[in-house]
Amino acid sequence: MHEMEVKILSEKFDIENAHLLEVAKDHGAYSTLEKLFSMAPGDVTEEVKKSGLRGRGGAGFPAGVKWGFLPKDTGKPTYLAVNSDESEPATFKDRYILVRDPHMLIEGIIICCWAIGCHDVYIYIRGEYTSQVKVLQAAIDEAYAAGYLGEKVAGQDFRIDVTVHRGAGAYVCGEETALLESIEGKKGQPRSKPPFPAVEGLYGCPTIINNVQTIASLPFIMKNGAQAYSAYGTEKSSGTHLFGISGHVEKPGMYELPLGLPLMDVLEQVAGGVWKGRKLKGVIPGGSSTPVLTAEEAKTVMLDYESMAEHGTMFGSGGIVVLDETVDVVKLVENLIYFYHHESCGQCTPCREGLGWMKKITRKLLAGEGTMADIDLLRELCDNIEMKTVCVLSAACTMPVRSYLDKFRHEFEAYAKDRANSAPEKVELQRN
C-alpha cells in the first residue's frame, strides 16, 4: 500500500470473507445504525451536505443537495434507485464494493432511506455482473435474516425492502431516467426532463438515484462525522474516491485516494509509471466519455472536479486509462465510436444516425480511403450532434472524439489519402 492511499471505502477489501455478514460485523458493519435512528432525518441530510459528498457516478452533484430536491407531503411513496449499471468503459470501482463489501452498501442504503423517508429500494445492476449479483443478493438475504432489512430495521418501526433488478446489458441504462424505464419493464430509453426524477421518477413518484460508491460512502460519514470526511480532498472536492487505473502502466488496479492529488504523482508513484519504459502519450482521466489529456496537460492536472474542468475535461467515474507512445489514436477513436454507436438506444436521430456516420468516416480513414475533408466533416459532426439529443450518450462520444481530433489531428491527417505523403497500409476491421 502506497502512502498516498487511504482506507475508507476499501477498508475491508483485503479482509478474507468480508462479504459475509459475520465477518463484516466483526469489522464494524452496521455499527452506525443506533446513532442514525437517534437523529432526525433532516439532520442526516444536513450532515451529508456538510461532508461535501458528491455523486460518484460521474456528474459529481452534491448528494445531500440532491436529496433536498424531494418534494414534501406529496402523498406518494419515495423510492431510492441505486445505480450499479457501471457500463462506462474503463470503470470498475463499483464491482469491488459489490463483491468485497456489499454490507457497506446495504448500511449506506439504510442511512439514505432514513434521511429521505424511503421504504422501497431498487439496486439496478448491469446484466453482465453475474458473480457480483450473486454476492450482493446473498448479502441482502443475510441482512433480511439478521433484521437489518424488512419490516423493522434494526428493531425500529421503519421498513426497508431492497430489490435487485438486473439489466440486460445496455450502456444507456446507466443514464438515470433510462434506468427508471428499465425497472418499470419498459424499453431502456431516457426520458425528457423536466420533470426530474426527484419530483416524478419511478412509477411517477419522487425518486432519488445515487451511484453505488456514493451510497457506500455514507457509513463513514455517519460514524465519523462530516468534518472527518471533508478532511480528505479539497474544499470543493471532498473525500476519497476509488480510482481504477488501467492501460499502459506497470501496476494497473484499484486505488482509493483522497481527491486533489496531482495526476502524474499518482501515475508514477502509485501505478508505477508508463510500462516498458515507454513515453506517455495521453491520459483518459475518467472513463471513455471524458476528453483526453495530452502528456503535457497531464503534468498540471489534479484529481478533482475543478482541476479537470479547468483543463477542458471531466473527472467522470475515476476510470483512468494511460496511453503510451505506441497508441494509434485513429484506431482508438474508431473503437470508441463503434462502442457508442452500438450502445445508442436509437431514440434520437442525431445520435442514431450521426454516430453511425462518424463510424463510417473513421473506418474510411483507416482503410486509406479518407480525405482531409473527411477529417473536417468528422469534427463538424461532433459539434452538430452534441447536446441535440434527449440524453448525453451522443455527447459521451463526441466530446472525447473532438478532443482527439483537436490534440492529435496530425495522426488523422496521416491516414488521409490526399495528404502530401503516400497513403498508409489499409487496416482490416473485423466488426460489422
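Modeller: Let us start with a definition: two residues are in contact when their heavy atoms lie within 4.5 Å. Please keep in mind throughout that this is a predicted model. With that rule, what covers the buried residues of helix H7 includes helix H5 (93-100), helix H6 (102-116), strand E2 (120-125) and strand E3 (161-166).

Biologist: Which residues of H7 are buried?

Modeller: A residue counts as buried when its relative accessible area is under 20%. In H7 the buried residues are Gln132, Val133, Val135, Leu136, Ala139, Ile140 and Ala143. Viewed along the axis of H7, these residues fall within an arc of 165°, so they line one face of the helix.

Biologist: Why do residues three or four places apart point the same way in an α-helix?

Modeller: An α-helix has 3.6 residues a turn, so residues three or four places apart point the same way. As for the other face of H7, turned away from the buried side, the exposed residues Lys134 and Ala145 are found there.

Biologist: How does the distance between the end C-alpha atoms of H7 compare with the span that 16 residues should have?

Modeller: The 16 residues of H7 (residues 130-145), at 1.5 Å a residue, should span 22 Å. After H7 comes Gly147, with a positive phi near 85°.

Biologist: May we read another helix in this way? Which residues of helix H3 are buried?

Modeller: In H3 (residues 41-51), the buried residues are Val44, Thr45, Val48 and Ser51. Their arc around the axis is only 120°, which puts them on the same side of H3. Among the elements that cover them are helix H2 (33-37), helix H4 (63-67), H6, helix H10 (218-224) and helix H11 (226-230). Just after H3, Gly52 has a positive phi of about 80°.

Biologist: Which residues other than glycine have a positive phi here?

Modeller: Asn17 is one of them, with a phi of about 60°. Asn17 belongs to the segment before helix H1 (21-26), and its relative accessible area of 35% makes it partly exposed. Met387 also has a positive phi, near 60°. Met387 sits in the loop between H17 and H18 and is exposed, at 56% relative accessible area.

Biologist: Let us turn to charged side chains. How many salt bridges does a search of the whole structure find?

Modeller: The rule asks for a side-chain nitrogen of Lys or Arg within 4 Å of a carboxyl oxygen of Asp or Glu. The search finds 30 salt bridges in the whole structure. In one of them, the side chains of Lys193 and Glu176 meet at 3.5 Å, N to O. Lys193 is in the loop between helix H8 (176-183) and strand E4 (207-211), and Glu176 is in H8, so the pair ties together parts that are 17 residues apart in sequence.

Biologist: What kind of peptide bond joins Lys193 and Pro194?

Modeller: Lys193 and Pro194 are joined by a cis peptide bond, with omega about 0°. Pro194 and Pro195 are likewise joined by a cis peptide bond, with omega about 0°. Pro195 lies in the loop between H8 and E4.

Biologist: Which residues are linked in a network of salt bridges?

Modeller: The network links Arg379, Asp383, Glu386, Arg402 and Asp406. Within it, the side chains of Arg402 and Glu386 meet in a salt bridge of 2.8 Å, N to O. Arg402 lies in helix H18 (residues 393-407) and Glu386 in the loop between helix H17 (372-385) and H18, so this pair ties together parts that are 16 residues apart in sequence. Arg402 is buried, with a relative accessible area of 16%, and Glu386 is buried, also at 16%.

Biologist: Finally, how should I read an interface between domains?

Modeller: The size of an interface is often given as the accessible area lost when the parts come together. The domain assignment here gives domain 1 (21-230), domain 2 (240-324) and domain 3 (329-413). Domain 1 and domain 3 bury about 850 Å² between them, 65% of it on carbon and sulfur atoms. On the side of domain 1, Tyr171, Gln189 and Pro190 lose the most area to domain 3, together 54% of what that side buries. Across this interface, the rule finds 0 salt bridges.

Terms used: Residues numbered from 1 in each chain as written. Predicted model: local features only at pLDDT ≥ 70, side-chain atom pairs only at ≥ 80, totals over all residues. Heavy atoms only, no water. Helix = DSSP H or I, 4+ residues; strand = E, 2+ residues; numbered from the N terminus. Expected span 1.5 Å × (residues − 1). Buried < 20%, exposed > 50% of the residue type's maximum accessible area, 1.4 Å probe, protein only. Arc of directions from axis to C-beta. Domains from an automatic or database assignment. Buried area = accessible area lost by both parts, 1.4 Å probe.
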